[in-house]
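Have a look at this one with me before we talk it over. I jotted down a few points to go through while you turn the model around on your screen.

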Amino acid sequence: MFRLVIASAALIVAVAAGPLDSRHQHQQHPEAHATILSYENVLHDDGHYNYQYETSNGIAAHEEGLGAHAANGVYSYTGPDGVLYRVTYVADENGFRPQGEHLPTPPPTPEHVFKTLEQIRANPPKDQKDFSLEALDATIARLRQH
């Protein structure tokens, strides 16, 4: 009798699990079936390369560069909200720098920060061996861009 109860319980679990699995397969995200519409990948003897691809779900990308030294490119995709997002970027010795209308931007640098940096520039510390006016100027220029 106990074996019959266990066998019946196992049969009920198996029958119940079957439709759940098949329903899960049918509810799979449609992007799971995206296909590649175009693809190109070119590597030159001097280390320069470029690639591009586009998929059936609206993802597209293009990049060109030189080995592991520098690259620039663009990619786009449609977000869950239905909006087409586009990101352009440069990647080099200064890191990965993306740009896109949807990406957050830092707030403007307060004027008192610039005044302080200019005071430091006018009176550089004499006891700091690693102080660099060039680095300070680069920082000021970068902050002024935003």
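**Notes on the model**

1. Let's start with Thr-55: this residue counts as buried because its relative accessibility is 14%, and buried means under 20%. Keep in mind as you read on that this is a predicted model.

2. Where does Thr-55 sit? Look in strand β2, which covers residues 48-55. Its side chain makes a polar contact of 2.3 Å with the side chain of Asn-57. If you set aside the neighbours within four places in sequence, Thr-55 is also in contact with Thr-35, Ile-36 and Leu-37.

3. Now move along to strands β5 (residues 84-92) and β6 (residues 95-99). In which sense do β5 and β6 pair? They run antiparallel, and five bridges link them. The join between β5 and β6 is a hairpin through two residues.

4. Next, the nonpolar side of things. Which residues make up the largest nonpolar core? There are five: Phe-114, Leu-117, Leu-136, Ile-140 and Leu-143. Helices α2 (111-122) and α3 (133-145) are the elements that each give two or more residues to this core. The largest share, three residues, comes from α3.

5. Not counting residues up to four places away in sequence, Leu-117 touches Leu-136, Ile-140 and Leu-143.

Conventions:
Residues numbered from 1 in each chain as written. Predicted model: local features only at pLDDT ≥ 70, side-chain atom pairs only at ≥ 80, totals over all residues. Heavy atoms only, no water. Pairing = 2+ DSSP bridges. Helix = DSSP H or I, 4+ residues; strand = E, 2+ residues; numbered from the N terminus. Buried < 20%, exposed > 50% of the residue type's maximum accessible area, 1.4 Å probe, protein only. Polar contact = N/O pair within 3.5 Å; in protein donor to acceptor, adjacent residues only side chain to side chain. Contact = heavy atoms within 4.5 Å. Core = buried A, V, L, I, M, F, W, Y, C linked by side-chain atoms within 4.5 Å.
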